[in-house]
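Work through these exercises with the structure open beside you. Try each task before you read its solution.

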Amino acid sequence: MNVGFVYHPIYLKHDTGQHVENAKRLEAIISHLEQTRLKEQLTAIEPRAASIEELLLVHHNRHISQIQEVAQKGGGWLEVDTVMSPDSYQAALYAAGGTIRATEAVINGEVNSAFALVRPPGHHATPTRAMGFCLFNNVAIAAEYALSKYELERIIIIDFDVHHGNGTQEIFYDNPQVLYISTHEYPFYPGTGSIEETGSGAARETTLNIPLPGGCGDAEYLQAFEQVIAPAAKRFAPQLILVSAGYDTHWSDELALMQVSVTGFAQMVKIIKRLADELCNGHLVFSLEGGYNLNALAASIKATFDMLLGCSDIEDLLGQPPRRIAAPDITPLIKKIREVHALP
Ligand SMILES: [Zn+2]
């Protein structure tokens, strides 16, 4: 398997100070990939800045100019959670462009699959505003790019970040060509992502929310993947799968209450890869969203690459969570979601 990764030092120059979403995240990932010598097995994909035309596939002109202006003025807070430095605009252009480049490399056959190791993240960014550490919606821009440039008709976005990708949902809410599937803690930030939000108009069935109670671990996530995501993906028959890969679902992450282990992420990736192999010639692109415990983040991303490379199992030095929270029974919830979406 030829697996690509996107990285560029510009991503470190989005300087957020003491913010939980900071440059140490990517530094930890890259240094772990180097120490474990995994990086040598991967193909480097050089990112580029997204063009304004590409940003406009998703965002309003006013939003793009605002981000550019705040950077020119030296940075500042855009809202309660989201801060910029002078280089953040350029980093954000490269985060969107890096996810586009990963997508191009997979579709052109330069690599079998790819992971864009970028920041700032994207899935909370809406057409008109920055939100939740996100400036531009990297995955949504790559999806719109693939739809227009390669004339694709069906793309699935799987979002396993612990937070609901409200921005991505909003962008594709009335677009039947993109099936947005999200597993997330609920009720929780940003408040969206209920079962009843299923898309509108011609896209009535192409938003699929799996809102999970806090305390879910590997078994509950795998249940959701096998019983909801797999049948939904098979029915949709995508030509490309994009993944909003957020690792704040790990048990050690302090932003949320989920109990997923590194092993759990590896199993989720294995299912996603199997679906991509079965349904769309393996065309699979990951883009980094959240994940704030540096050890867990680095180990989980290594495990993701191991799975993409075709390894059958991984080493999980962090192990299973100390069971502080009893795992909820999500069987009735899964049954309800399957009914709402009439899954086979
Ligand atoms: Zn998150």
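A polar contact is a pair of N or O atoms within 3.5 Å; within protein, one must be able to donate a hydrogen and the other to accept it. Keep in mind that this is a predicted model.

**Exercise 1. A threonine in a loop**

Task: Find the backbone oxygen that the side chain of T198 reaches, and decide whether T198 is buried or exposed.

Solution. 
- Step 1. Locate the residue. T198 sits in the loop between β7 (178–185) and β8 (207–212).
- Step 2. Find the partner. The T198 side chain reaches the backbone oxygen of R204 at 3.1 Å.
- Step 3. Apply the cut-off. Buried means under 20% relative accessible area. T198 has 14% relative accessibility, so T198 counts as buried.
- Step 4. Setting aside residues up to four places away in sequence, T198 touches several residues, among them Y173, V340 and H341.

**Exercise 2. A threonine in a helix**

Task: Name the side chain with which the side chain of T168 makes a polar contact.

Solution. 
- Step 1. T168 belongs to helix α6.
- Step 2. Name the partner. It is the side chain of N137, at 3.1 Å.
- Step 3. Widen the view. Apart from neighbours within four places in sequence, T168 is in contact with H123, A125, N137, I157 and Y180.

**Exercise 3. Sequence distance and space**

Task: How far apart are the C-alpha atoms of L284 and Q239, and those of V162 and L309?

Solution. 
- Step 1. Take L284, in strand β10 (residues 284–288).
- Step 2. Check L284. Its relative accessibility is 1%, so L284 counts as buried. Beyond its neighbours within four places, its contacts include V106, L240 and L308.
- Step 3. Take V162, in the loop between β6 and α6. The C-alpha atoms of V162 and L309 are 25 Å apart, at 147 residues along the chain.
- Step 4. Check V162. At 0% relative accessibility, V162 is buried. Leaving out residues up to four places away, V162 touches H184, E185, F188, D248, T249, A256 and M258.

**Exercise 4. Backbone exceptions**

Solution. 
- Step 1. Recall the rule. Most residues other than glycine have a negative phi, and most peptide bonds are trans.
- Step 2. Inspect the prolines. The bond from Y186 to P187 is cis, with omega near -5°. The bond from Y189 to P190 is cis as well, with omega near 0°. P187 lies in the loop between β7 and β8, and P190 is found in that loop too.
- Step 3. Inspect phi. E151 has a positive phi near 55°, and N281 has a positive phi near 55°.
- Step 4. E151 is exposed at 65%, and N281 is exposed at 69%.

**Exercise 5. The whole chain**

Task: Does the radius of gyration of the protein chain agree or disagree with that of a compact globule?

Solution. 
- Step 1. With 344 residues, a compact globule would have a radius of gyration near 20 Å.
- Step 2. Compare. The chain has 18 Å, which agrees.
- Step 3. Buried residues make up 62% of the 344 residues.
- Step 4. Count the elements. The chain has 10 helices and 10 strands.

Technical notes: Residues are numbered from 1 along each chain as its sequence is written. This is a predicted model: local features need pLDDT of at least 70, side-chain atom pairs count only at pLDDT 80 or more; totals for chains, interfaces and linings use all residues. Side-chain values use heavy atoms; hydrogens and water are left out. Helices (H or I, at least four residues) and strands (E, at least two) are DSSP runs, numbered from the N terminus. The radius of gyration is taken over C-alpha atoms; the globule rule is 2.2 Å times the number of residues to the power 0.38. Buried means under 20% relative accessible area, exposed over 50%, partly exposed in between (1.4 Å probe, protein chains only). Contact means heavy atoms within 4.5 Å.
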